[in-house]
Amino acid sequence: MSLIELQDIRRSYGQPQRTGDDPSPTQVLRGISLKIRAGEFVAIVGASGSGKSTLMNILGCLDRPSSGRYLFEGKDVSGFDADALARLRREAFGFVFQGYHLVQTESARENVEIPALYAGMPEAERRARATALLERLAMGARLDHRPHQLSGGQQQRVAIARALMNGGRIILADEPTGALDSESGAEVMKLLHELADAGHTVILITHDRQIAAQANRIVEIRDGQIVADSGDAHAAAGTAQSHDGGCALGHGQASISADLNEAARAAWRVMWSNRFRTGLTLLGIVIGVASVIAMLAVGGGSQKQVLAQFETFGVRTMFISARESSARAPSAPLTLDDVDTVRSLPNVEAATPYIEERVVVRRGNVDHGSEGGGTTVGFNHVLGWRVTEGTMFDAVDEERAAKVTVIGQTVRKTLFADGSDPVGQEILIDKVPFQVIGVLAAKGTTDGEDQDDRVVVPFSAAAARIFGHRNPTWIAVQVRDMQQATATADAIEDRLAHKRRVRDVHVWNRVEAIRMQTETARAMTMMLGLIATISLVVGGIGVMNVMLMTVRERTREVGIRMATGARQTDILRQFMTEAVLVTSAGGTLGVIVGLAIVAVLMLAGVPVVFSLLASLGAFGCAVLTGLIFGFMPARNAARLDPVVALASQ
Ligand code: ADP
Ligand code: MG
């Protein structure tokens, strides 16, 4: 059985793609039939333009014929898919081109290693074999040289070593001496002879009859047809099957991590050789990620400030007090009637009276001046106050004027310095014994006043047992609709002025202020988030742009990798790895820069809230950006036709 059998192979270019195009495609190969046995040294000779390279691309499974059958070891390769063809190239063929076709960013040894990479050979073995091959070809001293640091003859030797890397059962050499001086050319021919003698099948393509004459069999091609075939002059040698016994191919897949490792290393090399461009791309991502982190921190900070206001003054709450009385016109105190009046106004959800006067609280021998308060049930909802221990007083306590109290944190600290549980214990408020039933949540200081230095008792108890009057110091009003707060405040002032016959109450409208702050904070967060998102997207587009450029520049490299057996997934993975590597590097830098900005803002006193989640999210977005924006260019690269890719400049 022949190793390779071509039956009436035809290849034409310029198939009309649209109506109106030249309807007659040019036939380059016009019925080639050829059998090649294992171990033969065949030269295919013909004038320039006769179709030799086209034939070689078909022989090497880089290209498919338009018609005809290609049997490889008896199997019709037309049924093979892209991956199966890649495997055939990887395991059976070794290409040597006129233009060497080495990957410029990789060293001689790395170039030789490429086919084994796609065959899944372990790194150490790969390295040793590449080194051994290069040493055998007298390139041992040039292992780490880049292609541009090598002469043409040396580059061609690297290419031959690469062709042999996976065994090179069939060496396909297309004008291997075409770009070389006669001396280097002779050396390359000598190497091909040695390979043929060692049992490799060598198919040499040349326009030079003298070079062709060195082969054992000469096939002459003219205008896409075979016009002469010397046949196998050394038929006996054709049975030679031994070829490079030293090659043990790892047919299995390399481990994913080793693959990724390799892809990352290759990606790093490419990025490094394009440092400036990589830097610019990185910058886009860094700015994007850093701005997301910084802006979310600032937005979070301003929202936290607004929330702190809610904590202190309650949500949708405003306060009514009688104006400072002057000596000449002492203003009448607020009354419970006023509370009812306010309650009856539209948009008022609740109104709570609050008597507030200085008191002395005492426990054991500790005296403490504090703010005493009496208020009705439900005040805690209006004011947004909570107890952290115990309970609030209830309607029954109010009805009975029960001697129960809820104390602030400062009072607790002062009177219960011994650390005992205050709930259930008795304290004196202006000499009247009250039982502590709850402790209020800490509120901190507002406008220099300690909000936690207070005791609160039922309104009825405060009026009857402590202060001796029922006039609220202020009234807390909760409005239904924040948007109407200002109108409601005006309505309260008007109505009370009408009723009291004098305009002497003041509504302290925090709601409007808080509403505006909330809206500002929300708008700011949204705007900051938008800016941050835009910068991330711009960074992503930068990545895509660079990737598209990279793919275009490296189309030939993609072709080389495919010729040496890379699957589409290998190419896809390589470019995706590059994109993700750039974006993760950018993301990491961005997180660092973002944290630095947050730290500086913190030192400058700007309220910021740092969120680890946001940082991780921004980093994740950056990597995702790389995946998304890198995918299209990577897929374009993976889908390239090997012949087209190889032919590109
Ligand atoms: P050789 O290698 O013998 O010099 P080629 O096989 O490269 O010849 O080319 C044979 C003919 O096919 C030439 O006329 C060339 O112009 C044509 N040809 C080769 N590749 C293409 C292509 N991709 N599209 C159109 N014509 C092509
Ligand atoms: Mg050619």
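Q: At 40% relative accessibility, does R69 count as buried, partly exposed or exposed?
A: In this predicted model, R69 has a relative accessibility of 40%. Buried means under 20% and exposed over 50%, with partly exposed in between. R69 therefore counts as partly exposed.

Q: Which residue forms a salt bridge with R69?
A: The closest N and O atoms of the pair are 3.6 Å apart, and a salt bridge needs a side-chain nitrogen of Lys or Arg within 4 Å of a carboxyl oxygen of Asp or Glu.

Q: How many residues apart in sequence are the parts that the pair R265 and E123 ties together?
A: The side chains of R265 and E123 meet in a salt bridge, 3.4 Å from N to O. R265 lies in helix α8 (residues 256-273) and E123 in helix α4 (residues 123-136), so the parts that the pair ties together are apart in sequence by 142 residues.

Q: Are R265 and E123 buried, partly exposed or exposed?
A: R265 has a relative accessible area of 28%, and E123 has 34% relative accessibility. Buried means under 20% and exposed over 50%. R265 is therefore partly exposed, and E123 likewise counts as partly exposed.

Q: In which helix do both R561 and E557 lie?
A: The side chains of R561 and E557 meet in a salt bridge, at 2.8 Å from N to O. The two residues are four residues apart, about one turn of the helix. Both lie in residues 555-563, helix α17.

Q: Do R561 and E557 count as buried or exposed?
A: The relative accessibility of R561 is 3%, and that of E557 is 8%. The cut-off for buried is under 20% relative accessible area. R561 therefore counts as buried, and E557 also counts as buried.

Q: Which residues do salt bridges that share partners join into one network with R561 and E557?
A: The structure holds 36 salt bridges. The bridge between R561 and E557 belongs to a network joined through shared partners. Besides R561 and E557, the network has E106, E110, R269, R554 and E578.

Q: Which element gives the most to the lining of the largest cavity?
A: The structure holds four cavities of 30 Å³ or more, and the largest has a volume of about 130 Å³. Of the 13 residues that line the largest cavity, the closest to its centre are M271, T278, V546, T550 and V582. By class, the lining has seven nonpolar, four polar and two charged residues. With four residues, the element that gives the most is α16.

Q: What is the phi of E73 near?
A: Most residues other than glycine have a negative phi. E73 is found in the loop between β4 (67-72) and β5 (75-76), and is partly exposed with a relative accessible area of 31%. Its phi is positive, near 50°.

Q: What is the phi of R501 near?
A: R501 is found in the loop between α15 (485-500) and β22. Its relative accessible area is 76%, so R501 is exposed. Phi of R501 is a positive value in a residue other than glycine, near 65°.

Q: Which helices each supply at least two residues of the nonpolar patch?
A: L595, M602, F610, L612 and L616 form this patch on the surface, with about 480 Å² of accessible area together. L612 is in helix α19 and is exposed, with a relative accessible area of 56%. The helices that each supply at least two residues are α18 (568-603) and α19 (612-638).

Definitions and conventions
Residues numbered from 1 in each chain as written. Chains lettered and ligands numbered in written order. Predicted model: local features only at pLDDT ≥ 70, side-chain atom pairs only at ≥ 80, totals over all residues. Heavy atoms only, no water. Patch = residues over 30% accessible without salt bridge, like charges linked within 9 Å, V, L, I, M, F, W, Y side chains within 5 Å. Areas by Shrake-Rupley, 256 points an atom, 1.4 Å probe, with all protein chains shown as cover. Buried < 20%, exposed > 50% of the residue type's maximum accessible area, 1.4 Å probe, protein only. 1 Å grid on protein atoms, 1.4 Å probe; cavity = no way out; pocket = protein on both sides within 12 Å on 5 of 7 lines; lining within 4 Å. Points joined across faces, edges and corners; volume = space filled by probe spheres on them. Nonpolar A, V, L, I, M, F, W, Y, C, P; charged D, E, K, R; others polar.
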